[in-house]
Amino acid sequence: MSAPYVPPPRLAELGDILTESAREAGRDPDRIVRLYNVMGLITPESRDMFHGPKEGWVDTLTTLYRDFGMNTFVFWPSGDRERQSRIFAEEVVPAVREALASH
């Protein structure tokens, strides 16, 4: 799923469909990879959930994991790709892991 096509408010509905389909197929729904493409930028100012500071990204990804079961993320920076990818990998991802481990 991709954020521009499936915004977070639709994730619960589609997640329920995935869960039910997995059960019908005899699969454990908790073992399904629920990948979510997130497109945006890590910026000093907050514009929305996919454009803002590192802390905002941590909150967004943590919420997507906890509340909607998204367990894999692909970051697609909308600009300055190399630098953005480095910040995501080196700063955002470890902070999300830490936030999830502390709960």
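1. Arginine 47 is exposed, with a relative accessible area of 63%, where exposed means over 50% relative accessible area, buried under 20% and partly exposed in between, computed with a 1.4 Å probe on protein chains only. The side chain of arginine 47 meets that of aspartate 48 in a salt bridge, at 3.9 Å from N to O, and aspartate 48 is itself partly exposed, at 37%. A salt bridge here is a side-chain nitrogen of Lys or Arg within 4 Å of a carboxyl oxygen of Asp or Glu.

2. A word on the source is needed before going further. This is a predicted model, in which local features need pLDDT of at least 70 and side-chain atom pairs count only at pLDDT 80 or more, while totals for chains, interfaces and linings use all residues. Residues are numbered from 1 along each chain as its sequence is written, and side-chain values use heavy atoms, with hydrogens and water left out.

3. The structure holds four salt bridges, and one of them joins the side chains of arginine 10 and glutamate 13, at 3.6 Å from N to O. Another salt bridge joins arginine 83 to aspartate 80, at 3.2 Å from N to O; arginine 83 is partly exposed, at 41%, as is aspartate 80, at 46%.

4. The sheet is open and has three strands in the order β2-β1-β3, with parallel pairing. Helices and strands are DSSP runs numbered from the N terminus (H or I over at least four residues for helices, E over at least two for strands), and two strands pair if DSSP finds at least two bridges between them. The edge strands are β2 (51–52) and β3 (72–77), each of which pairs on one side only. Strand β1 (residues 35–42) runs parallel to β3 and is joined to it by six bridges; in β3, phenylalanine 73 is the bridge partner of tyrosine 36.

5. Two helices pack on this sheet. Helix α2 (residues 54–68) touches β1, β2 and β3, and its direction makes about 165° with that of β1, whereas helix α3 (residues 81–101) touches β1 and β3, with a direction at about 150° to that of β3. Such angles run from 0 to 180 degrees between N-to-C directions, the axes being lines fitted to C-alpha atoms, for helices over the stretch in contact.

6. The largest nonpolar core has 18 residues, and those with the most contacts inside it are Tyr36, Val38, Trp57, Leu61, Leu64 and Val92. The elements that give two or more residues to this core are α1, β1, α2 and α3. A nonpolar core is a set of buried Ala, Val, Leu, Ile, Met, Phe, Trp, Tyr and Cys residues joined through side-chain atoms within 4.5 Å. Leaving aside neighbours within four places in sequence, valine 92 is in contact (heavy atoms within 4.5 Å) with Ile42, Lys54, Trp57, Val58, Leu61 and Ile87.

7. Glutamine 84 deserves a separate look. This residue is found in helix α3 and counts as buried, at 3% relative accessibility. The side chain of glutamine 84 reaches the backbone nitrogen of isoleucine 42 at 2.6 Å. With neighbours within four places in sequence left aside, glutamine 84 is in contact with Leu41, Ile42, Phe75, Pro77 and Gly79.

Methods. A polar contact is a pair of N or O atoms within 3.5 Å; within protein, one must be able to donate a hydrogen and the other to accept it, and residues adjacent in sequence count only if both atoms are side-chain atoms.
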